[in-house]
Amino acid sequence: MKKLVLACICAMTFGSVFAQLNMTLTDQIDYAQDLSSLWGYIDPEDSTEYAAVGTATGVAIVDLSDPYNVQQIAFKPDQLNSNSSWREVKSYGHYIYSVTEAGGGVQVINMTDPTNVTSVNWAPNIPGLGTLGSIHSITVDEFGFLYLNGSNLNSGGPLIVDVSAVNGTPVYVGKMPAIYCNDSYARDNKLYTSDI
């Protein structure tokens with residue numbers, strides 16, 4: 001039995017090592033600052049693909065329509081001009097949402113016109129909780145709900161925000177148990193959390 005298990009492990013390792021050989025690097029952008037997150041954005045109008053890159057000082061928007069000549073088309077610094085080693089990004093509809101542990105709430109980046117990218121920050125004072133500031137990570141589901149994990153509110157327990165409105169403006173919906181959440185995954189109206 002031990003030999004069979006060892007043979008299976010060796011076969012899986014061998015297969016996974018060589019499974020990656022079917023990829024080719026077509027282009028890249030080098031950044032002078034630290035990066036912490038990467039997320040895809042597909043334009044709902046024309047299906048152009050973009051990358052949203054979380055950098056130490058903001059979010060870089062990269063046009064991937066020509067994979068052999070990727071171009072950074074915009075850079076949106078956060079409203080606090082902070083320098084953070086942790087910035088996470090997600091997208092829904094025509095918007096990219098960015099959070100950081102440096103504070104400032106949620107940066108909402110409007111991608112309706114990729115040639116003229118704009119952004120605003122959403123840092124509301126939530127009754128009974130306080131003013132939203134730092135956020136460790138962010139999750140988005142297929143229904144347009146953002147889950148703000150590890151924030152300065154609710155002892156870091158997830159906050160639920162609806163961004164399904166046409167203008168992408170976040171609307172506070174509610175909170176999960178007040179247990180610090182490092183990260184989460186949402187699907188089919190269920191939230192799976194990694195708590196500390």
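Which strand gives the most to the lining of the largest cavity? I opened my notebook with that one, and the answer is S6, with 3 residues.

**Ground rules**

I noted that this is a predicted model, where local features need pLDDT of at least 70, side-chain atom pairs count only at pLDDT 80 or more, and totals for chains, interfaces and linings use all residues. Residues are numbered from 1 along each chain as its sequence is written, and side-chain values use heavy atoms, with hydrogens and water left out.

**The cavity**

A cavity here is a set of points, on a 1 Å grid over the protein atoms alone, where a 1.4 Å probe fits but cannot get out; a pocket is an open set with protein on both sides within 12 Å along at least five of seven lines; lining residues have an atom within 4 Å of a point. Grid points are joined across faces, edges and corners, and a volume is the space filled by probe spheres set on the points.

I got 1 cavity of 30 Å³ or more, and the largest cavity holds about 40 Å³ of space. Strand S6 (95–100) and S7 are the elements that give two or more residues to its lining. I jotted down some lining residues, including Asp78, Arg87, Val106 and Asn121. By class, the lining has 2 nonpolar, 7 polar and 2 charged residues. For the classes, Ala, Val, Leu, Ile, Met, Phe, Trp, Tyr, Cys and Pro count as nonpolar, Asp, Glu, Lys and Arg as charged, and the others, Gly among them, as polar.

**The sheet with S6 and S7**

Strands (E, at least two residues) are DSSP runs numbered from the N terminus, and two of them pair if DSSP finds at least two bridges between them. I found an open sheet of 4 strands in the order S5-S6-S7-S8, with antiparallel pairing. At the edges I saw strand S5 (87–92) and strand S8 (118–122), each pairing on one side only. S7 (residues 106–110) and S8 are joined by 5 bridges. Val106, which also lines the cavity, stands opposite Trp122 in S8.

Next I checked the largest pocket, with a volume of about 270 Å³. It is lined by 16 residues, and Leu38, Ala51, Val62, Leu64 and Val70 are the closest to its centre. S2 gives the most to this lining, with 4 residues. The class count is 11 nonpolar, 3 polar and 2 charged.

S1 (residues 35–42) and S2 (residues 49–55) run antiparallel, joined by 7 bridges. Trp39 has Ala52 in S2 as its bridge partner. The hairpin of S1 and S2 has 6 residues between the strands, and there Ser47 takes a positive phi near 65°.

In S11, which 4 bridges join to S12, I looked at Ile138: Ile138 stands opposite Leu148 in S12.

Is Tyr185 buried, partly exposed or exposed? Tyr185 counts as partly exposed because its relative accessibility is 46%; buried means under 20% and exposed over 50%, with a 1.4 Å probe and protein chains only. Tyr185 sits in strand S15 (residues 181–187). Its C-alpha atom is separated by 9.2 Å from that of Ile138, 47 residues apart along the chain. Leaving out residues up to four places away in sequence, Tyr185 touches Thr139, Lys190, Leu191 and Tyr192, where contact means heavy atoms within 4.5 Å.
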